[in-house]
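Colleague: I am new to this structure and would like to go through it in questions and answers. Please show it first.

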Amino acid sequence: MQENFNNLENHEVFYPLSVDEALNILEKHACTKYAGGTDLMVQFRKGKSQPVDLKFPVIYLSNIEQLHKISGNKEYLQIGSCCTYSEILQSSLVPEVLKDAILTIGSPSIRNSGTLGGNICNASPAADGVCVLSSLDAKLVVASKQNERIISIRDFIKGRRLIDCAENEIVQTILIPKNKIFFSKFEKVGLRGSMTLSKLSVCLVVVEKNEKKHFQLTFQAVSPTIIRVAENEEIISSKFIDFSLFSNIYRKHFSAIDDQRSEREYRENTAILLGYKLYKQAYESVFATKKEL
Ligand SMILES: Cc1cc2nc3c(=O)[nH]c(=O)nc-3n(C[C@H](O)[C@H](O)[C@H](O)COP(=O)(O)OP(=O)(O)OC[C@H]3O[C@@H](n4cnc5c(N)ncnc54)[C@H](O)[C@@H]3O)c2cc1C
């Protein structure tokens with residue numbers, strides 16, 4: 001197959017038009033995978049007015065039409081990894097809670113370039129899309145020339161900026177199970193409503209599992225990676241618990257850091273308060289009972 005690339009002053013950039021073409025290129029070349037560039041450009045910026053220091057060759061994935069598709073089958077909603085936030089906002093298939101989170105990301109121009117696949121693969125502890133996808137139990141189709149595998153988003157993101165994706169693989173599709181959703185809410189704390197990364201974010205989704213309402217609660221930016229705790233979800237789904245127990249069972253999983261955006265103590269305290277607020281709202285909404293805080 002002829003490779004579609006430009007040589008920009010000896011900087012090779014590949015522009016595949018299909019997934020097969022991209023995977024063939026990645027089999028032969030160790031490339032920087034570039035989708036919308038909104039994270040890469042920040043990461044590799046050398047300084048004011050200096051060029052961005054990308055590792056070449058670069059493979060530009062966003063010309064691949066297949067990676068911009070949003071469709072569904074009986075089991076899953078399927079979102080192509082290069083769908084931009086703006087494309088996702090236009091789809092009637094996408095759960096509202098994901099759209100709510102997307103509307104807090106960046107500005108319209110960032111949402112026109114930034115992709116959901118990039119948000120996942122950048123593996124920032126503050127990624128808002130990831131927070132919601134985790135609560136929705138999303139899985140990823142990860143493809144190489146030889147293989148295609150499905151992995152849960154929580155196993156794929158192994159730590160801060162650490163993902164289970166080999167050099168010859170790409171995230172092709174994001175799969176969201178088509179569960180009936182009884183309650184869903186995303187909350188984020190940042191310096192402003194948008195154009196700012198989260199200090200922390202929380203998402204709660206209540207779905208039906210084994211004929212019971214199951215509470216799926218994710219905390220972001222209070223540890224190097226996503227916090228979802230299976231045994232805690234059994235507890236919070238089985239009965240309404242008070243704030244002190246809720247705080248005890250979740251806080252021990254937190255290991256937030258102090259950084260330029262916030263302090264550890266503020267992050268952890270606020271995350272617990274927000275998480276409990278959503279839990280109480282969900283309980284009242286799903287079971288139509290009033291609960292005292
Ligand atoms: C001003 C500004 C504000 C922002 N605000 C927010 C915010 O509020 N919340 C938030 O969560 N984020 C925010 N972001 C971050 C950013 O927009 C998102 O994380 C974006 O979704 C990244 O997608 P991208 O397509 O630009 O990724 P890129 O920058 O192209 O890539 C990011 C990483 O993912 C890899 N990658 C991309 N696609 C694939 C793929 N298909 N397979 C394998 N690897 C891949 C790349 O190699 C790279 O390592 C902001 C960014 C800016 C600049």
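Modeller: Helices, of at least four residues, and strands, of at least two, are DSSP runs numbered from the N terminus. The model is predicted.

Colleague: In the loop between which two elements is the place of Asp137?

Modeller: Helix H7 covers residues 128-135, and strand S7 covers residues 139-143. Asp137 is in the loop between H7 and S7.

Colleague: Is Asp137 buried or exposed, and what is its phi?

Modeller: Buried means under 20% relative accessible area. Asp137 has a relative accessible area of 14%, so it is buried. Most residues other than glycine have a negative phi. Asp137 is not a glycine, yet its phi is positive, at about 65°.

Colleague: Where is Ala123 found, and what is its relative accessible area?

Modeller: Ala123 is found in the loop between H6 and H7. Its phi is near 50°, a positive value in a residue other than glycine. Ala123 is buried, and its relative accessible area is 3%.

Colleague: Which residue does a cis peptide bond join to Phe56?

Modeller: Most peptide bonds are trans. Here omega is about 0°, and the bond is cis. The residue in question is found in the loop between H2 and strand S4 (58-60). The cis bond joins Phe56 to Pro57.

Colleague: How many residues of strand S7 are buried?

Modeller: Strand S7 has 5 residues and is mostly covered. The number of buried residues in S7 is 4.

Colleague: How many bridges join S7 to strand S8, and what is the sense of the pair?

Modeller: Strand S8 spans residues 148-152. A hairpin of 4 residues leads from S7 to S8. The two strands are joined by 5 bridges and run antiparallel.

Colleague: With which side chain does the side chain of Arg149 make a polar contact?

Modeller: A polar contact needs a pair of N or O atoms within 3.5 Å. At 2.9 Å, the side chain of Arg149 makes such a contact with the side chain of Glu169.

Colleague: Which residue is the bridge partner of Lys139 in S11?

Modeller: S7 also pairs with strand S11 (residues 170-177). That pairing is antiparallel and has 5 bridges. In S11, the bridge partner of Lys139 is Leu175.

Colleague: How far apart in space are Thr173 and Leu116?

Modeller: Thr173 is found in strand S11, and it is buried, with a relative accessible area of 16%. Leaving aside neighbours within four places in sequence, its contacts include Lys139, Leu140 and Val141, along with Gln78, Ile79 and Ser81. Thr173 and Leu116 are 57 residues apart in sequence, and their C-alpha to C-alpha distance is 9.8 Å.

Colleague: Which residues of helix H9 are buried, and why can they be placed on the same side?

Modeller: The buried residues of H9 (residues 230-238) are Asn232, Glu233, Ile236 and Ser237. They are on the same side because they cover an arc of only 130° around the axis. On the other side, Glu234 and Ser238 are exposed. The cover over the buried residues includes strand S14 (212-220), helix H10 (243-251) and helix H11 (264-287).

Modeller: An oxygen atom of the ligand is 2.9 Å from a polar backbone atom of Ala35, and an oxygen atom of the ligand is 2.7 Å from one of Gly36. A nitrogen atom of the ligand is 3.3 Å from a polar backbone atom of Gly106. Taken alone, the ligand exposes 990 Å², of which the protein buries 90%.

Colleague: Which element gives the largest share of the shell around the ligand?

Modeller: Of the 31 residues around the ligand, Lys33, Thr38, Asp39, Tyr85 and Thr115 come nearest. Strand S3 (32-34), helix H2 (40-43), helix H6 (116-122) and S11 each give two or more residues to the shell. The largest share is 4 residues, and it comes from H6.

Definitions and conventions:
Residues are numbered from 1 along each chain as its sequence is written. This is a predicted model: local features need pLDDT of at least 70, side-chain atom pairs count only at pLDDT 80 or more; totals for chains, interfaces and linings use all residues. Side-chain values use heavy atoms; hydrogens and water are left out. Buried means under 20% relative accessible area, exposed over 50%, partly exposed in between (1.4 Å probe, protein chains only). Two strands pair if DSSP finds at least two bridges between them. A polar contact is a pair of N or O atoms within 3.5 Å; within protein, one must be able to donate a hydrogen and the other to accept it, and residues adjacent in sequence count only if both atoms are side-chain atoms. The arc is that of the directions from the helix axis to the C-beta atoms. Contact means heavy atoms within 4.5 Å. A residue is near a molecule or strand if one of its heavy atoms lies within 4 Å of it. Accessible areas come from the Shrake-Rupley method with a 1.4 Å probe; for residues, only the protein chains shown count as cover.
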